[in-house]
Amino acid sequence: MENINNIMNELAQYIRLADEMQLIIDGLKDEIKTYMINNNLDTINGYDHKATYKNIESSRIDTKSLKNELPELAQRYTVTTNTMRFNFS
């Protein structure tokens, strides 16, 4: 049991590091997006990298409305899946 506690402590440390790195990454992305917005650009090219920031339109089925208005049809085309979820806190 002591070994699993060590593993969990190590995981917690790496999660904290990943969270800190994610904040830095998000901040850098925000700086690039702000630059693009301020300069009315949807694509920029650096020496080694390219960034795009543009509107993407997508369509999807409103399953809540479908279930309310046509419950038999919604049930007929509903697929149930099972997955395993790992949660660590």
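Biologist: Hi! What follows α1, and what is its phi?
Modeller: Asparagine 40 follows α1, and its phi is positive, near 55 degrees. Helices (H or I, at least four residues) and strands (E, at least two) are DSSP runs, numbered from the N terminus. This is a predicted model, where local features need pLDDT of at least 70, side-chain atom pairs count only at pLDDT 80 or more, and totals for chains, interfaces and linings use all residues. Residues are numbered from 1 along each chain as its sequence is written, and side-chain values use heavy atoms, with hydrogens and water left out.

Biologist: Where does asparagine 40 lie?
Modeller: Asparagine 40 is in the loop between α1 and β1 (43–45). Its positive phi comes although asparagine 40 is not a glycine. Most residues other than glycine have a negative phi.

Biologist: Is asparagine 40 buried or exposed?
Modeller: Exposed, with a relative accessible area of 72%. Buried means under 20% relative accessible area, exposed over 50%, and partly exposed in between (1.4 Å probe, protein chains only).

Biologist: Back to α1, then. What should helix α1 span?
Modeller: Helix α1 has 37 residues (2–38), which at 1.5 Å a residue should span 54 Å. The end C-alpha atoms of α1 are 54 Å apart, so the two agree. The expected span is 1.5 Å times one less than the number of residues in the helix.

Biologist: How many helices and strands does the protein chain have?
Modeller: Three helices and two strands, and from the N terminus the elements run α-β-β-α-α. The radius of gyration of the protein chain is 22 Å, well over the 12 Å from the globule rule for 89 residues, so the chain is more spread out than a compact globule. That radius is taken over C-alpha atoms, and the globule rule is 2.2 Å times the number of residues to the power 0.38.

Biologist: What box do the C-alpha atoms fill?
Modeller: Roughly 55 × 55 × 20 Å, taken along the principal axes. Of the 89 residues in the protein chain, 4% count as buried.

Biologist: New topic: where is phenylalanine 88, and what does it contact?
Modeller: Phenylalanine 88 is in the segment after α3 (71–76). Leaving aside neighbours within four places in sequence, phenylalanine 88 is in contact with Met8, Leu11, Ala12 and Ile15. Contact means heavy atoms within 4.5 Å. Phenylalanine 88 is partly exposed, at a relative accessible area of 23%.

Biologist: How far apart are phenylalanine 88 and asparagine 55?
Modeller: They are 33 residues apart in sequence and 35 Å apart in space, C-alpha to C-alpha.

Biologist: And where is threonine 78?
Modeller: Threonine 78 is also placed in the segment after α3. Threonine 78 is partly exposed, with a relative accessible area of 41%. Threonine 78 and alanine 12 are 66 residues apart in sequence and 38 Å apart in space, C-alpha to C-alpha.
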